[in-house]
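Keep the viewer open as you read.

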Amino acid sequence: MEEPHRRIRALHTASTITVYQAYSPEIGLPTIRDGRFPAAWKPDRMTWIKPSFMWMMYRSGWGMKEGQETVLAFEITREGFDWALRHACLSHYVRGLHPDRDTWQRDLKRAPSRVQWDPERDLHLHPLPYRSLQLGLSGEASSRYADEWIVSISDVTPLAHEIHALVRDGELDSAARLLPQEQEYPASAELLAHLRP
């Protein structure tokens, strides 16, 4: 079956969706230990959450890039995730989707969340011909994420390293079997209408 050009692929349950972030050990390790972000985490900065495990692997270099050595899986409420989508603005202007560039810029400045559609990645971290969602949270969305939406936090750094070692050794089938089994997230067409170019 052919992949749609843009869709949200994620681990999800009836009430939660799993998203990924990578942090330095100074932030990541206390977050795992305490089940919440430490004081060093800045809620006023834009924080990007990624439902795609492989896009997180690409972004963090399998958890080996400096400042991204701790890869965390956050299980958050679908209610919160949907709220962020509903209040999001696309991170780039699209003629026909937005009335004009000025309106889009105003909307972007006001929106507590923003969406980017980035090429999904294969096991070699090469781009695939379809895109997965990244969701940037700031202001109210970032605070809600940290204080209300998180259900559980787990450290997936060992999993990232294990899959990477298998890929390096050419064991692609074994690597693929360890990947989170992401499926299309059931977001309504209405919820994504303002976010799909």
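Leaving aside its neighbours within four places in sequence, which residues is threonine 31 in contact with? They are Arg36, Phe37, Pro38, Leu72, Phe74 and Ile153, where contact means heavy atoms within 4.5 Å. Before going on, please note that this is a predicted model, in which local features need pLDDT of at least 70 and side-chain atom pairs count only at pLDDT 80 or more, while totals for chains, interfaces and linings use all residues. Residues are numbered from 1 along each chain as its sequence is written, and side-chain values use heavy atoms, with hydrogens and water left out.

Threonine 31 sits in helix H1 (residues 25–34); helices (H or I, at least four residues) and strands (E, at least two) are DSSP runs, numbered from the N terminus. With a relative accessible area of 0%, threonine 31 is buried. Buried means under 20% relative accessible area, exposed over 50%, and partly exposed in between (1.4 Å probe, protein chains only). A polar atom of the threonine 31 side chain lies 2.7 Å from the backbone oxygen of isoleucine 27.

Now step back to the whole protein. Its secondary structure comes to eight helices and nine strands, and the C-alpha trace spans about 50 × 45 × 35 Å along its principal axes. Of the 197 residues, 49% are buried. Residues 24 or more positions apart account for 76% of the contacts with a separation of 6 or more.

What lies inside? The largest nonpolar core has 34 residues, and those with the most contacts inside it are Phe74, Ile76, Phe81, Leu85, Leu135 and Tyr145. Such a core is a set of buried Ala, Val, Leu, Ile, Met, Phe, Trp, Tyr and Cys residues joined through side-chain atoms within 4.5 Å. Helix H3 (residues 78–86) gives the most to this core, with four residues. A second, separate core of 17 residues includes Phe53, Met56, Leu123 and Ala175.

Serine 52 is our next stop, in the loop between strand E3 (47–49) and helix H2 (53–60). Is serine 52 buried or exposed? It is buried, with a relative accessible area of 1%. The side chains of serine 52 and glutamate 120 are joined by a polar contact of 2.9 Å; a polar contact is a pair of N or O atoms within 3.5 Å, and within protein one must be able to donate a hydrogen and the other to accept it, with residues adjacent in sequence counting only if both atoms are side-chain atoms. A polar atom of the serine 52 side chain also lies 3.0 Å from the backbone nitrogen of tryptophan 55.

Finally, look at helix H4 (residues 101–110), where Thr103, Trp104 and Leu108 are buried. They cover an arc of only 135 degrees around the axis, which puts them on the same side of H4; the arc is that of the directions from the helix axis to the C-beta atoms. On the other side of H4, Lys109 and Arg110 are exposed. At the N-terminal end, aspartate 100 caps H4, with a side-chain oxygen 3.1 Å from the backbone nitrogen of aspartate 102.

The buried residues of H4 pack against strand E5 (88–90) and strand E6 (113–121). Cysteine 89 belongs to strand E5 and counts as buried at 6% relative accessibility. Beyond its neighbours within four places in sequence, cysteine 89 is in contact with residues including Trp104 and Leu108.
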